[in-house]
Structure formats: structure tokens, C-alpha cells
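I opened the model to look up a few places in it and kept notes as I went. The entries below follow the order in which I looked.

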Amino acid sequence: MPEQLAEWGCDATLWDSLPLGARRDLERFANSGSEDLARCRILTMKEVVQYNAEPGAVWEQAAWDKSVLGWEQNRAELAAAELARVKAEKKAAAKAKREATAAKEEEQKHGL
């Protein structure tokens, strides 16, 4: 593992649990000085590794695939929850606007 990656947040345990492609990417980012890309990839890889049933284990295809699936499901759930929150806020704002308009019309009817 390139020393630069340790400075950017990767440790030996994480490195050992990464697939070859991710290691290659991180090495390339370190060699080109692409710190932002490396830090982003390291953060994502840390998130994915959290879904491994055996944290700290040496990389294995089946375990990695299961971890990625868990990570993707979590991201989808978070996205769905955020979408539901935004929809609820929009719905509440529209309702408040309708009620304010109705109240204003009612006031105009009664000459207030």
C-alpha cells in the first residue's frame, strides 16, 4: 500500500479487505496526487467494508459481493427515506398555501 494512502485515511486492514481493482485505483490516485478522488474512494470502501460479516478479513469475492449488496441496499433505503421526506415537506407546504388562500378568500367574503 502506498504511504500516501495512509495519510489520506486508508489503513492496512482496509487495504487487505479491498478487491484488486479498488487497490489499483487507489494506487493510481496516489501516484497522480488525486487526493480528493482517493479520499472519496477510501470513504466509500470503508462504508462497504462495514457490511462484511467478518470485518478485517482478507478480501474474498463472495464476502465482498455481499458487502456491496448490503451497502447498495442501505444507500437505496436512505435515498427512499430522503425522497419521502422531501415529498412530505412539499405536501405540507402545498396544504399550508391552500389553507392560507382559503382563509384569505373567506376574509374577503366577510369584508374583514
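I began with Ser 17, which I found in the loop between α2 (12-16) and α3; helices here are DSSP runs of H or I with at least four residues, numbered from the N terminus. The model is a predicted one, in which local features need pLDDT of at least 70 and side-chain atom pairs count only at pLDDT 80 or more, while totals for chains, interfaces and linings use all residues. Residues are numbered from 1 along each chain as its sequence is written, and side-chain values use heavy atoms, with hydrogens and water left out.

Is Ser 17 buried or exposed? I noted Ser 17 as buried because its relative accessible area is 4%, where buried means under 20%, exposed over 50% and partly exposed in between, with a 1.4 Å probe and protein chains only. I also noted that a polar atom of the Ser 17 side chain lies 2.7 Å from the backbone oxygen of Leu 14.

Next I looked at how α3 (residues 20-32) sits against α4 (residues 35-49): their axes come within 9 Å and cross at roughly 155°, the axes being lines fitted to C-alpha atoms over the stretch in contact, with angles from 0 to 180 degrees between N-to-C directions. The two helices are therefore roughly antiparallel, a label for angles over 145 degrees. For the contact (heavy atoms within 4.5 Å), I listed Ala 22, Asp 25, Leu 26 and Phe 29 from α3, and Leu 37, Ala 38, Arg 41, Ile 42 and Met 45 from α4.

Staying in α4, I turned to Glu 35, which counts as partly exposed because its relative accessibility is 32%. The side chain of Glu 35 makes a polar contact of 2.7 Å with that of Arg 39; such a contact is a pair of N or O atoms within 3.5 Å, where within protein one must be able to donate a hydrogen and the other to accept it, and residues adjacent in sequence count only if both atoms are side-chain atoms. From Glu 35 to Ala 81 I noted 46 residues in sequence and 31 Å in space, C-alpha to C-alpha.

Last, I asked at what angle α4 and α5 pack. The angle between α4 and α5 (residues 61-109) is about 100°, with the axes 8 Å apart, so the pair is roughly perpendicular, a class that covers 65 to 115 degrees. Here Thr 44, Met 45, Glu 47, Val 48 and Val 49 of α4 meet Trp 64, Ser 67, Val 68, Trp 71 and Arg 75 of α5.

Notes: Parallel < 35°, antiparallel > 145°, perpendicular 65-115°, else oblique.
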